[in-house]
Amino acid sequence: MEKSSRVKVIFTDIDGVWTDGSMYYDQQANELKRFCTYDGGGVYYAHVFGLKVGIITGEKTKIVENRAKKVKADYCFQGVTNKLKILNKFCLDEGLCLNEIAYIGDDVLDVPILKSGVYSACPANVFDYVKKVCDVVLQKKGGEGVFREFVELIITSKYHTTDLLGALDIISKKNL
């Protein structure tokens, strides 16, 4: 059985995945982040296909909290330094196995999860040591809709089709 077909929850890092990894500050030292709206669409389509979405990030900001609420992420864990520990606890609490989780990350703190048996992916513009431990190196860079690309890859794999429109057509015919 293909790893992607078992996925029930998709977890994601934020900085370097939903953003380009840059930190922006204005004159008053307010931190700003630029998000790609395609990734919000990725959350929407995950939900359409019955998948839950969670965020696990080392940062702890109101910005991420607000973005998670806006896109209706199912879970949001912030300020996490041991991401695998949080994910293992989540699986225990939810009665899931790591092979039912997908995760996309881009840096050192993500590597333990990426190597843990989850269906793992990373953006195209990450360090080689991250690419080496992932099941999939995606085509898009962080901040360019790479989370959405990962979601679509999971969906199309589960529905044995070549694109999101084909998968949407399949589920619409099932619902008739």
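**First stop: the cysteines**

Begin by selecting cysteine 97, which counts as partly exposed at 46% relative accessibility, where buried means under 20% relative accessible area, exposed over 50%, and partly exposed in between, with a 1.4 Å probe and protein chains only. Before going further, note that this is a predicted model, in which local features need pLDDT of at least 70 and side-chain atom pairs count only at pLDDT 80 or more, while totals for chains, interfaces and linings use all residues. Residues are numbered from 1 along each chain as its sequence is written, and side-chain values use heavy atoms, with hydrogens and water left out.

A disulfide is a pair of cysteine sulfur atoms within 2.5 Å, and the structure holds 0 disulfides. Cysteine 134 is likewise in no disulfide, the nearest cysteine sulfur being that of cysteine 122, 3.7 Å away. Cysteine 134 is buried, with a relative accessible area of 13%.

**Second stop: two positive phi angles**

Select alanine 29 next, in the loop between β2 (24–25) and β3 (31–32); here helices (H or I, at least four residues) and strands (E, at least two) are DSSP runs, numbered from the N terminus. Alanine 29 has a phi near 65°, a positive value in a residue other than glycine, and it counts as exposed at 57% relative accessibility.

Then move to lysine 72, which you will find in the loop between α2 (62–71) and β5 (75–77). The phi of lysine 72 is near 65°, again positive in a residue other than glycine, and lysine 72 is exposed, with a relative accessible area of 59%.

How many aromatic pairs does a search of the whole structure find? The search finds 10, where rings of Phe, Tyr and Trp (its six-membered ring) pair if their centres lie within 6.5 Å, and planes under 30 degrees apart count as stacked, over 60 as edge-to-face and the rest as tilted. Select phenylalanine 77 and phenylalanine 90, an edge-to-face pair with 6.5 Å from centre to centre and 75° between the planes. Phenylalanine 77 lies in strand β5 and phenylalanine 90 in helix α3 (residues 83–94), so the pair ties together parts that are 13 residues apart in sequence. Phenylalanine 77 is partly exposed at 25% relative accessibility, whereas phenylalanine 90 is buried at 5%. To finish, select Phe11 and Tyr75 as well, which ring pairs link with Phe77 and Phe90 into a cluster.
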